[in-house]
Amino acid sequence: MSEQTDIPEVAPETADETAKPERSRAAKWSRRGFIGAGVLAGGALLIGVGVRPGNPVGKLSPLVAGGTGEELVNSWVKIGADNIVTAIIPHCEMGQGAHSVLAQMLADELDADWSQVEVMQAPTDGSYVVSDTARMFVAPFTMNAADWIEPTWEGLFTQIGRFADVMITGGSSSIRSTGQYQMRVAGAAARKMLVGAAADEWGVPASEIVTRDSTLIHEASGNSAPYSEFAAAAAEQPMDHSPKLKDPKDYRLMGKSKRRTDIPAKVNGTADFGIDAKIPGMEPSDLSYAAVRRPPIPGTSVVSMDAETAKGMPGVQQILNMGSFIAVVADGYWNAQQALNTITAEYSDSESPIKSTADQFAAFANALDAAGDDGGEKAAGRGNAQSAYAEAATKIEAEYKAPFLAHAPMEPINCTASVKDGKCDIWTSTQVPLMARSAAAKALGMDADAITVHHPFLGGAFGRRLENDYVTMAVRIAKATSYPVKMIWSREEDTQKALYRPADLSRFKGGLDAGGKLIAYNNVFTQRHDPAEASVPGIYDIPNTSIRVAEADLHLPFSAWRSVDHSQQGFFIESFIDEAAHAAGADPLEYRLNMLGANTERHRGVLEKVAQLSNWSAPGAEGIGKGVAIVESFGTVAAEVIEVDMTSGKPKLLNVWAATDAGYVMNPDGFRNQIEGGIVFGLTAALYGEIDIVGGAAKQSNFHDYKMLRMNETPAIEVAIINSGTVPVGGAGEPGTPPAAPALANAIFAATGKRLREMPFGKQFA
């Protein structure tokens, strides 16, 4: 785009990129109708290739199998003339390895040759909605907590409404939902269809045909053929919507550490991320770029701006006042950002009374004060916590603080959009492509079918890319300019104008009997989002509990953050359990073992395993301590022991030992990678993570003041995997995070006798 001499200012628009979409018709279902559909009650699932009746390859083939010699056997399986099997994956790849493991699960049931398996990102036109993902998100994962939790139907139906556009990567759900109920079924169904086609051609019973490494074999007749030879005929075979799946003893790929399909491209630089978007038919040098700035204080808008200097700067094409943000469009991102930096603006006044971090926590404290010992909204409970506390032999109290946290993904927030001739194309890194499409449709006043979302790799997300504020900003810019624009947020914009993990304040009162058992547990806090069971210490046998929410407004907008409420509640609960152990004069790990309730065999197993890994009972040196924490989240039980050296007066991380039970781990190497990543993520938050409010705005701006754990600070990490096989497959991406902060706090206490009840810990030793 050539430089223009007359730079127009576009008048503010009324569209709001932060507005929430209207609830779907699904949210209006009756309770009876919903349960009758089997979504919660475990009824028959329309899963895998059975998402819709019949075999929809006729509709889907033009979308995913347009190459010469390619045949779509069923929705999820494509076989080429070269016998390469392509798994069509409806989840995004953001570094977690989900594409590879999902393909691995499909390939195992298909008996495919793993060296000839590839992955294709499913199109985002609605054809590849994964209905069972919604079930994962709205049904409780922690069965130990289920009998404690108050039914919250309104919250349930809000979630169902949100997942009307179910094509989501989050909540550690990909392997547990799509893998178990889609990919495995699709692979087994495709194998049965291939066998049926070969049996018809060879005139032999299907039961006599075996499959191995993408080859059909009938030993008695000597016939054999690659899958590709029968792919077209297989697509015409009847499709079994509930084929028999393999027993774990017969797995060839599942449970093995197989190569990841995305690594080669990421190593050699050919991988495309959202920020690498290219417009077909347009030279990269002709693409325009937008830099953007939102008002610094949430809930305010642009009243006026002075852009005179920016208009004369090199490469500037347009300057847009969009009301809720300012954008400068130029021939390159650098020119756009430099021009944006010269613009001064006035913003509307904030209606929020909160101007500082102290104000926010004062609001929390006021809500908790008003709730007292029995006020607020009941989240869970049993027995009579108040009377049990009054009669307890030993009483303990504690208050814990968790700050706002940013997601800080390595790939900056970005979105490329083109709005032309009644159509809109979007290229962006998103965890929710169909929701992004719906958000763009609403912002543009267009039908969703007129919008195409192109879905490349994500350079990190951690929940940030579950939101679509940046998508609606980009499409509005593209509409205002009338030409394609790549919008990129600066790191400062992403840190200071984003959506955050909520801050929270949590108060506890506990009562112990004469033997040291925790018999009264009274907890009240201010923030309850997802999942519902995160605040419940359901694994412990505590006869009298009261868990309540005293809601208080958040000044900064919030969004799901890795492990969501478990990240705060894990710190609160496991710190308090440690304090109870200390009050009882008991070993913290033994105390937890003795406090376990019914149906906690898996929890006992991981605690005993982590004790063995860490040599827990061995005496430690002066100034070096070990701390333990255990949290069940997203179907996985994780116990962690952290060893910290405090001899210098500051925390030095030495070792982390983690024992995990996810039921059955499909790719041990990938699982360990995710648990390790979750631990580092949790330790970063515990030591450094904090977004302060100053003058109503977020203070931290970049990695110099929003620190990450560095390589030289990272401890040795050892992860043990227990395949108990007693539960469905658990998640990997999030369960490593929640135990990290409490285990570190408990380790620092063991080393120093100083109890840390406020994150981040690092500033308390500055």
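**Figure 1. Lining of the largest cavity in the predicted model.** The lining of the largest cavity divides into eight nonpolar, five polar and three charged residues. Ala, Val, Leu, Ile, Met, Phe, Trp, Tyr, Cys and Pro count as nonpolar, Asp, Glu, Lys and Arg as charged, and the others, Gly among them, as polar. In this predicted model, local features need pLDDT of at least 70 and side-chain atom pairs pLDDT 80 or more, while totals for chains, interfaces and linings use all residues. Residues are numbered from 1 along each chain as its sequence is written, and side-chain values use heavy atoms, without hydrogens and water. The cavity has a volume of about 170 Å³. Of its 16 lining residues, Val536, Pro537, Ile630, Val631 and Glu632 lie nearest the centre. Helix H17 (565-583) and strand S23 (624-633) each supply at least two lining residues. H17 gives the largest share, five residues. Helices (H or I, at least four residues) and strands (E, at least two) are DSSP runs, numbered from the N terminus.

**Figure 2. The second largest cavity.** Its volume is about 70 Å³. Residues lining this cavity include Arg464, Arg491, Asp494 and Tyr706. The lining divides into six nonpolar, three polar and three charged residues. The structure holds three cavities of 30 Å³ or more. A cavity is a set of points on a 1 Å grid over the protein atoms alone where a 1.4 Å probe fits but cannot get out; lining residues have an atom within 4 Å of a point. Grid points are joined across faces, edges and corners, and a volume is the space filled by probe spheres set on the points.

**Figure 3. An aromatic cluster.** Tyr400, Phe508, Tyr521, Phe571, Phe572, Phe576 and Phe761 form one cluster. Rings of Phe, Tyr and Trp (its six-membered ring) pair if their centres lie within 6.5 Å; planes under 30 degrees apart count as stacked, over 60 as edge-to-face and the rest as tilted. The count comes to 15 aromatic pairs. Tyr400 and Phe508 are edge-to-face because their planes stand at 80°, with centres 5.6 Å apart. This pair links strand S15 (residues 394-402) to strand S20 (residues 504-512), 108 residues apart. Tyr400 is buried at 0% relative accessibility, and Phe508 is buried at 2%. Buried means under 20% relative accessible area, exposed over 50%, partly exposed in between (1.4 Å probe, protein chains only). Phe571 and Phe572 form a tilted pair, 5.9 Å centre to centre, with 50° between the planes.

**Figure 4. Lysines over rings.** The charged end of Lys401 sits over the ring of Phe361, 5.1 Å from its centre. Lys754 lies over the face of Phe765, at 4.6 Å from the ring centre. A charge sits over a ring if NZ of Lys or CZ of Arg is within 6 Å of the ring centre and within 35 degrees of the ring normal.

Definitions and conventions: On a 1 Å grid over the protein atoms alone, a cavity is a set of points where a 1.4 Å probe fits but cannot get out, and a pocket is an open set with protein on both sides within 12 Å along at least five of seven lines; lining residues have an atom within 4 Å of a point.
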